Amino acid sequence: MSPVLTGFRAALGPLVLLAAVARAPYQCASEVDPDRRIHEDPSEALYDLAERFKARGERDAQRDTLRFLVERYPSSRFAHMARGDLEALGDAGAPVR
């Protein structure tokens, strides 16, 4: 085999790898637009569950779910809404952050 062909083969592998990596999409951690996301946020699911308890008139279950949401996901936008709901329920023990 000629030295030129051997050199070409040796350079071809890294070039193909470089081309594949250059074309790959970059996965950056970022906040996803709520309207475009695929999966439901756990805090959103808990808030929806609390709303279902409210619709059924199960105030204790609603209160417990809202408290858990605030304790588990304190920086979530749903935790902020849960705090407001707890205050509206007259829950003096609503966690504040």
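Predicted model: local features only at pLDDT ≥ 70, side-chain atom pairs only at ≥ 80, totals over all residues.
Student: How are H2 and H4 oriented to each other, parallel or antiparallel?

Tutor: H2 covers residues 42-56 and H4 covers residues 77-88, and the two pack at an angle of about 25° with their axes 9 Å apart. Angles under 35 degrees count as roughly parallel. H2 and H4 are therefore roughly parallel.

Student: Which residues of H4 make the contact with H2?

Tutor: H2 passes H4 in a left-handed crossing. On the H2 side, the contact uses Ser 43, Glu 44, Tyr 47 and Glu 51. By class, the residues of the contact of H2 with H4 are four nonpolar, one polar and three charged. The H4 side is made by Phe 78, Met 81, Ala 82 and Asp 85.

Student: And H2 with H3, are they parallel or antiparallel?

Tutor: Those two helices pack at an angle of about 165°, and their axes are 8 Å apart. The crossing of H2 and H3 is left-handed. Angles over 145 degrees count as roughly antiparallel. H2 and H3 are therefore roughly antiparallel.

Student: How many nonpolar residues does the contact of H2 with H3 have?

Tutor: From H2 come Ser 43, Leu 46, Tyr 47, Leu 49, Ala 50, Phe 53 and Lys 54, which meet Arg 59, Ala 61, Gln 62, Thr 65, Leu 66, Phe 68 and Leu 69 in H3. Three residues of this contact are polar and two are charged. The nonpolar ones number nine.

Student: What about H3 and H4: how is H3 placed relative to H4?

Tutor: H3 and H4 pack at an angle of about 140°, with their axes 9 Å apart. That angle makes H3, relative to H4, oblique.

Student: How many charged residues are in the contact of H3 with H4?

Tutor: H3 brings Arg 63, Leu 66, Arg 67, Leu 69 and Val 70, while H4 brings Phe 78, Ala 79, Ala 82, Arg 83, Asp 85 and Leu 86. Seven residues of this contact are nonpolar and no residue is polar. The charged residues number four.

Student: Which residues does Tyr 47 contact, leaving aside neighbours within four places in sequence?

Tutor: Tyr 47 belongs to the largest nonpolar core, and Tyr 47 is also one of the H2 residues that make the contact with H4. Beyond those sequence neighbours, Tyr 47 is in contact with Leu 66, Leu 69, Phe 78, Met 81, Ala 82 and Asp 85.

Student: Last one: is Arg 72 buried or exposed?

Tutor: Arg 72 has its place in helix H3. Arg 72 and Pro 42 are 30 residues apart in sequence and 9.7 Å apart in space, C-alpha to C-alpha. The relative accessible area of Arg 72 is 53%, so Arg 72 is exposed.

Key:
Residues numbered from 1 in each chain as written. Heavy atoms only, no water. Axes fitted to C-alpha atoms, helices over the stretch in contact; angles between N-to-C directions. Helix = DSSP H or I, 4+ residues; strand = E, 2+ residues; numbered from the N terminus. Parallel < 35°, antiparallel > 145°, perpendicular 65-115°, else oblique. Left-handed = near helix turned anticlockwise from the far one by under 90°. Contact = heavy atoms within 4.5 Å. Nonpolar A, V, L, I, M, F, W, Y, C, P; charged D, E, K, R; others polar. Core = buried A, V, L, I, M, F, W, Y, C linked by side-chain atoms within 4.5 Å. Buried < 20%, exposed > 50% of the residue type's maximum accessible area, 1.4 Å probe, protein only.
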